[in-house]
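User: I would like to learn how to read a model of this kind, taking one feature at a time. Could you give me the general idea in each case and then turn to the example at hand?

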Amino acid sequence: RDTKVAADGSVYMLADVTNKTSGQEIKGDQDVALLKYDAAGKLIFTRTLGASEEASGLGLALACDLRFAASDARMGITPGKLGLVYPLGDTKRLVQAVGPSHAKDLLYTGRLLEAAEALSMGLVNRVAAPDRVEAAVLDHAAQITAASQYSARATKRMINRVLAGQVVDSAETVAEFLDAIEGEDFMEGRNAFRDKRKPTFTFG
């Protein structure tokens, strides 16, 4: 599903990946939504649910910024069991999430992971009890939306540049840093710090 979790539309929970969801079923419209939100610099969450079977659709989950799993979830990436090859983009995101050694392990074997192991290798960001997963997502989203969305989106762009191989500042990155110093969110954050109050950021 495509669930907005912030009033200003800055953070989205894109998809529930369950043990009854196939990768094909969650491609299409939700892929289009993910690309739209990602291009806008919006942060995207996904939840992985399910107690006893493979949670498919991890390619979509890996394209999200943050991934939450139920403590009883099991998940795997199984093209090796089917004689298929994982797409380059999905493989890149898997390597970025868990590193090349874990990526090889998961792709070579196609084995299923318990949520705790997925957390330890970075495949998911948080694990919560099955009846607390949505609350955990909403709580984390609230923490993010309480902070500056100007900063969050700029940080996402910076991280994407690093992942794309950029290692030195460009005119664009320098300008982004300097623009922030003159921005309304920084003024509000500085004033709130000085006044010892919580900031009220206006960027949306």
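**Reading the model feature by feature**

Analyst: Valine 174 is found in helix 10, and we shall come back to that residue once the confidence of this predicted model has been considered.

User: What is the mean pLDDT of the protein, and which stretches stay under 50?

Analyst: As a general idea, where pLDDT is low, the predicted coordinates should not be read in detail. Here the mean pLDDT is 80, and 73% of the residues reach 70 or more. Residues 1-9 stay under 50, although the model has 28 contacts beyond four places in sequence for them. Residues 17-28 also have pLDDT below 50, and for this stretch the model has 31 contacts beyond near neighbours in sequence.

User: Which residues make the nonpolar surface patch, and which helix gives the largest share?

Analyst: The patch covers about 460 Å² and is made by Val174, Phe177, Leu178, Ile181 and Phe186. Helix 10, residues 171-181, supplies the largest share, namely four residues. Valine 174 counts as partly exposed because its relative accessibility is 37%, a value between the limits of 20% and 50%.

User: How should I read the salt bridges, and how many are there?

Analyst: The general idea is that side chains of opposite charge can pair when their charged atoms come close. In this model the count comes to ten salt bridges. One of them joins lysine 156 to aspartate 65, with the closest N and O atoms 2.9 Å apart. Since lysine 156 lies in helix 9 (residues 149-163) and aspartate 65 in the loop between helix 3 (58-62) and strand 5 (66-70), the pair ties together parts that are 91 residues apart in sequence.

User: Are lysine 156 and aspartate 65 buried or partly exposed?

Analyst: Lysine 156 counts as buried, at 6% relative accessibility, whereas aspartate 65 is partly exposed, with a relative accessible area of 29%.

User: Which residue pairs with arginine 161, and where do the two partners lie?

Analyst: Arginine 161 forms a salt bridge with glutamate 176, and the closest N and O atoms are 3.1 Å apart. Arginine 161 lies in helix 9 and glutamate 176 in helix 10, so the pair ties together parts that are 15 residues apart in sequence. Arginine 161 counts as partly exposed at 21% relative accessibility, while glutamate 176 is buried, with a relative accessible area of 13%.

User: Which residues are linked in a network of salt bridges?

Analyst: The network links Glu188, Arg194, Asp195 and Arg197. Glutamate 188 is found in helix 11, residues 184-195, and counts as buried at 16% relative accessibility. Its side chain makes a polar contact of 2.7 Å with the side chain of arginine 197. Leaving aside neighbours within four places in sequence, glutamate 188 is in contact with Arg197, Lys198, Pro199, Thr200 and Phe201.

User: What does methionine 121 touch, and is methionine 121 buried or exposed?

Analyst: Methionine 121 lies in helix 7, residues 115-121, and counts as buried because its relative accessibility is 7%. Not counting residues up to four places away in sequence, methionine 121 touches Ala97, Val98, His102, Leu106, Arg111 and Leu113. Arginine 111, one of these residues, also forms a salt bridge with glutamate 117, the closest N and O atoms being 2.7 Å apart. Glutamate 117 counts as partly exposed at 30% relative accessibility, and arginine 111 likewise counts as partly exposed at 26%.

Definitions and conventions:
Residues are numbered from 1 along each chain as its sequence is written. Side-chain values use heavy atoms; hydrogens and water are left out. Helices (H or I, at least four residues) and strands (E, at least two) are DSSP runs, numbered from the N terminus. Buried means under 20% relative accessible area, exposed over 50%, partly exposed in between (1.4 Å probe, protein chains only). Contact means heavy atoms within 4.5 Å. A polar contact is a pair of N or O atoms within 3.5 Å; within protein, one must be able to donate a hydrogen and the other to accept it, and residues adjacent in sequence count only if both atoms are side-chain atoms. Patches are made of residues with over 30% relative accessible area and no salt bridge: like charges are joined within 9 Å, nonpolar side chains (Val, Leu, Ile, Met, Phe, Trp, Tyr) within 5 Å. Accessible areas come from the Shrake-Rupley method with a 1.4 Å probe; for residues, only the protein chains shown count as cover. A salt bridge is a side-chain nitrogen of Lys or Arg within 4 Å of a carboxyl oxygen of Asp or Glu. pLDDT is the predictor's confidence in each residue, from 0 to 100.
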